[in-house]
Amino acid sequence: MTDASTDVLIVGAGPTGLTLALDLARRGAAVRIVDKSPAHPRTSRAKGPNPRSLEILADLGVVDEVLAAGSAPLPMRVYRDHRPVAETDPWADAAPTPATRFDRPWLIAQWRLEEILRARLAGHGVRVELGREVVGLEEEADGHHVDVTFADGRAERARYVVGCDGAHSPVRKLLGITFDGTTAEDQVMVSGDVELDHEDLGRDRWHQWFDADGAVMLCPIPGTRTGWWFQAGPERDADGRPLAPTLDGFRRLLTQHTGLPGRHLTRAELLSTYRVNVRMADRYRVGRVLLAGDAAHVHAIAGGLGMNTGIQDAFNLGWKLGQVLAGQADAGLLDTYEEERLPVAAWTLDLTSDRLRATLEAIREPGGNLSSAMTPETAGLGIGYRWSSLAGTEAGKAPDAPATGPHPGDRAPDAPCRDAATGERTHLYGTFAGPHTTVLGFGPASAAVLREVAATYGEGPGVRACRVYAADEDHGTAEPGSLIDDQGHAAAAYGFGAGGSGLVVIRPDHHVGIVAPAGDPGPVREYLRRLHGAPGMVDAVR
């Protein structure tokens, strides 16, 4: 048994596990990430991050690479009886707002996203350990470590283990956590990555053929010349049972539903059969072992929320594990991970099931398409945790806080600003980015509290005080990192209005912790003490 030099062992190196590993590594945690696969997968699978996940990827420092490697979502061309009958662009009217930088999801093959995350993680000295299958977990009697047994017989020790190992999660099974739900055996789809050499099929559209007896959908894979995502209803045998996908089967489906000669489909790989599973774990934590992503929940594919929900699980969990490992918070903070994310998973299961029903209904009619799966909710920007015990005061907001603006638990809105020192354009999310809590102060009355925060926490556990000046305020003596709300968007977004004042604590995952009056340090002190401990707190709760 090796010593517990590992703070967190992450099992599973998909987008969920990589996001968690990267967030922990930048916090200085000793993190390892293992995967039972012998090689990194090249499957495209999920079609890409939604706007909320793009915000997270921006915080992690990889969004520019993700945007460059992918493409904007494509308009949909819909066919019936081999002929185009409609075109629609679900994102035609979308546009960034002051509160939201990303107004649409982004197309990128999952393997490429994972490659970008792995490269960033390697910059922190952490690399995925392949061919390492976990077969045993046992929490030590002292309650401080987990002993992990691998298939090769080796045993190692970590302070925490997180299962990000998919819908068939061995970690979840080892914990004995139930995964209740249903499997719709009649709702089946085959999919894979294919190569097409048909030049007349434009790569500027997501092509969708829907007929009474089936469907084929072809979406070009960004970064490839002839690569496409292929999705279709399966071939069936004489008894109506779905057949396993094959290259020849894909060729037959292509000809049957699109009218294109099957020979133009020159290669098909990473073939899979998808059945609609709607399942959720009843717990996300057993002692020092936690679950995230598909290991904790699976749902209908409609809306593209599978990978995104996992990324957002990881971003919620990462800062909490970081605070506990650094000795800034009691291990009870980890209970808020399940408290916040399990209800989101339940909501996601309901939303995706509803969107699937709407889509299946829509495609029965000529011109109906997959846009029925997409709603403002699938962007992920409206997800919050108002019910959470971390959501400020019991009443939802501190006394005398503004009636408008976000409530504790809500996603913190972004806003364009100027850097008070340089005058360069920036935005609030640039200030939030990084492994820290942010305290925003609006109005002159907030200055004293911000100075106290800076003096108390400035050298230690990661709290950033940021004064937000109105356009007409004197900022000649502004502290480093201060912002000028030159267009008034920040004050408006947080409910203070022109000339208003107040304090807002923003959690490391971009959610509002508390909103308080500008001149009252009490609520801010109490909230920061809960997340970051008392000043000078020693590393005693690891």
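Mentor: Gladly, and keep in mind that this is a predicted model.

Trainee: How do you know that the span of helix H7 agrees with its number of residues?

Mentor: H7 covers residues 306-325, which is 20 residues, and at 1.5 Å a residue these should span 28 Å. The expected span is 1.5 Å times one less than the number of residues, and because the end C-alpha atoms of H7 are 28 Å apart, the two values agree.

Trainee: What makes H7 mostly covered?

Mentor: A residue is called buried when its relative accessible area is under 20%, and 19 of the 20 residues of H7 are buried.

Trainee: Why is H7 called roughly antiparallel to H8?

Mentor: The axes of H7 and helix H8, residues 335-362, come within 10 Å and cross at roughly 170°. Angles over 145 degrees count as roughly antiparallel, so H7 is roughly antiparallel to H8. On the H7 side the contact is made by Thr-309, Gln-312, Asp-313, Asn-316, Leu-317 and Lys-320, and on the H8 side by Thr-336, Tyr-337, Glu-340, Arg-341 and Thr-348. By class, this contact of H7 with H8 has 2 nonpolar, 5 polar and 4 charged residues.

Trainee: Why is Thr-88 called partly exposed?

Mentor: Partly exposed lies between the cut-offs of under 20% for buried and over 50% for exposed, and because Thr-88 has a relative accessible area of 24%, it is partly exposed. Thr-88 belongs to strand E4, residues 83-88, and, leaving aside neighbours within four places in sequence, is in contact with Pro-75, Met-76, Asn-369 and Ser-371. Thr-88 and Leu-370 are 282 residues apart in sequence, yet their C-alpha atoms are 9.8 Å apart in space.

Trainee: What makes E18 and E23 stand at the edges of their sheet?

Mentor: The open sheet has 7 strands in the order E18-E17-E21-E20-E19-E22-E23, with mixed pairing. Strand E18 (425-427) and strand E23 (512-516) each have a single partner strand, so one side of each is left without a neighbour in the sheet.

Trainee: How do you know that E17 and E21 pair?

Mentor: Two strands pair if there are at least two bridges between them, and strand E17 (residues 416-419) and strand E21 (residues 483-485) have 2 bridges, in the antiparallel sense. Within E21, Ile-484 is the bridge partner of Arg-418.

Methods:
Residues numbered from 1 in each chain as written. Predicted model: local features only at pLDDT ≥ 70, side-chain atom pairs only at ≥ 80, totals over all residues. Heavy atoms only, no water. Helix = DSSP H or I, 4+ residues; strand = E, 2+ residues; numbered from the N terminus. Buried < 20%, exposed > 50% of the residue type's maximum accessible area, 1.4 Å probe, protein only. Contact = heavy atoms within 4.5 Å. Axes fitted to C-alpha atoms, helices over the stretch in contact; angles between N-to-C directions. Parallel < 35°, antiparallel > 145°, perpendicular 65-115°, else oblique. Nonpolar A, V, L, I, M, F, W, Y, C, P; charged D, E, K, R; others polar.
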